[in-house]
Amino acid sequence: MSDRLSIQTNRANNVNPSEFRMLAQRLKEEHVQMREQLSDIRTLAAALYTLDDCSIGMCRLIELQDGILSLVEELEQHSEWEEQVLFPSLQTYLHPTMAISVSRSMHVLEQDHDLAKKVVQSYVNGVNAMSVPIDMDFVHVMASELLTACLILLKHFTLEEELVYPLIDRIMDGIEDQTG
């Protein structure tokens with residue numbers, strides 16, 4: 001197994017070690033930021049269950065829609081960067097067998113991302129279609145949709161981190177051993 005995770009120093013298209021460090025740092029920083037946004041959205045969505053006033057609920061649903069759409073837009077940009085820059089850079093350091101395995105795992109993770117986008121779209125459609133007066137059941141259903149999307153995205157981040165962070169750490173250790 002250690003052979004499959006070893007750094008491939010003879011690969012001509014390896015990324016500059018300092019550039020790889022910056023890519024790894026960016027990944028971790030963006031994940032922290034998006035996790036914080038998800039946490040805020042989850043907290044606000046969960047608070048919808050304790051509201052007594054439907055008009056406040058309606059306003060909060062709209063505010064939450066803005067928040068989740070902003071997050072999804074950031075996530076799209078992040079995912080595009082991962083696919084175009086980070087993952088190809090990561091794979092240049094991996095043994096070809098491991099690179100194929102990681103690629104397959106990342107494809108499965110993207111299915112979670114797509115599912116979350118569908119749940120967010122369901123939430124957005126519901127909020128956009130709401131008509132006055134709304135009732136608390138509607139507020140609760142919409143809160144549930146949003147919480148589901150948040151949980152799917154949190155699962156996506158967690159699984160991606162469990163897959164990618166150990167690889168990055170191993171590569172970084174190998175880079176430091178070679179340059180140290």
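User: Is His78 buried or exposed?
Analyst: His78 is buried, because its relative accessibility is 2% and the cut-off for buried is under 20%. Keep in mind that this is a predicted model.

User: Which helix is His78 in?
Analyst: His78 sits in helix H2, which covers residues 54–92.

User: And which side chains make polar contacts with the His78 side chain?
Analyst: One is the side chain of Glu30, at 2.4 Å. Another is the side chain of Glu82, with a polar contact of 2.7 Å.

User: Leaving aside neighbours within four places in sequence, what is His78 in contact with?
Analyst: With that exclusion, His78 is in contact with Leu27, Glu30, His31, Met34 and Glu160.

User: Let's move to Leu75. Where does it lie?
Analyst: Leu75 lies in helix H2, the helix that also holds His78.

User: Buried or exposed?
Analyst: Leu75 is buried, since its relative accessibility is 3%.

User: What does Leu75 touch, not counting residues up to four places away in sequence?
Analyst: Leu75 touches Met34, His113, Leu153 and Phe157.

User: How many residues apart in sequence are Leu75 and His113, and what is the C-alpha to C-alpha figure?
Analyst: Leu75 and His113 are 38 residues apart in sequence, and their C-alpha atoms are 9.0 Å apart in space.

User: New topic: how many disulfides does the count come to?
Analyst: The count comes to 0 disulfides. For Cys54, the nearest cysteine sulfur belongs to Cys59 and is 11 Å away, whereas a disulfide needs the two sulfur atoms within 2.5 Å.

User: On to rings. How many aromatic pairs does a search of the whole structure find?
Analyst: The search finds 1 aromatic pair.

User: And what lies over the face of Tyr165?
Analyst: Lys28 does, at 5.1 Å from the ring centre.

User: Last one: what domain does UniProt place at residues 25–168?
Analyst: The UniProt record, an unreviewed entry, gives "Hemerythrin-like" for residues 25–168.

Conventions
Residues numbered from 1 in each chain as written. Predicted model: local features only at pLDDT ≥ 70, side-chain atom pairs only at ≥ 80, totals over all residues. Heavy atoms only, no water. Helix = DSSP H or I, 4+ residues; strand = E, 2+ residues; numbered from the N terminus. Buried < 20%, exposed > 50% of the residue type's maximum accessible area, 1.4 Å probe, protein only. Polar contact = N/O pair within 3.5 Å; in protein donor to acceptor, adjacent residues only side chain to side chain. Contact = heavy atoms within 4.5 Å. Phe/Tyr/Trp six-rings, centres within 6.5 Å; stacked < 30°, edge-to-face > 60°. Lys NZ or Arg CZ within 6 Å of the ring centre and 35° of its normal. UniProt positions renumbered as here; feature names shortened; annotations may be inferred.
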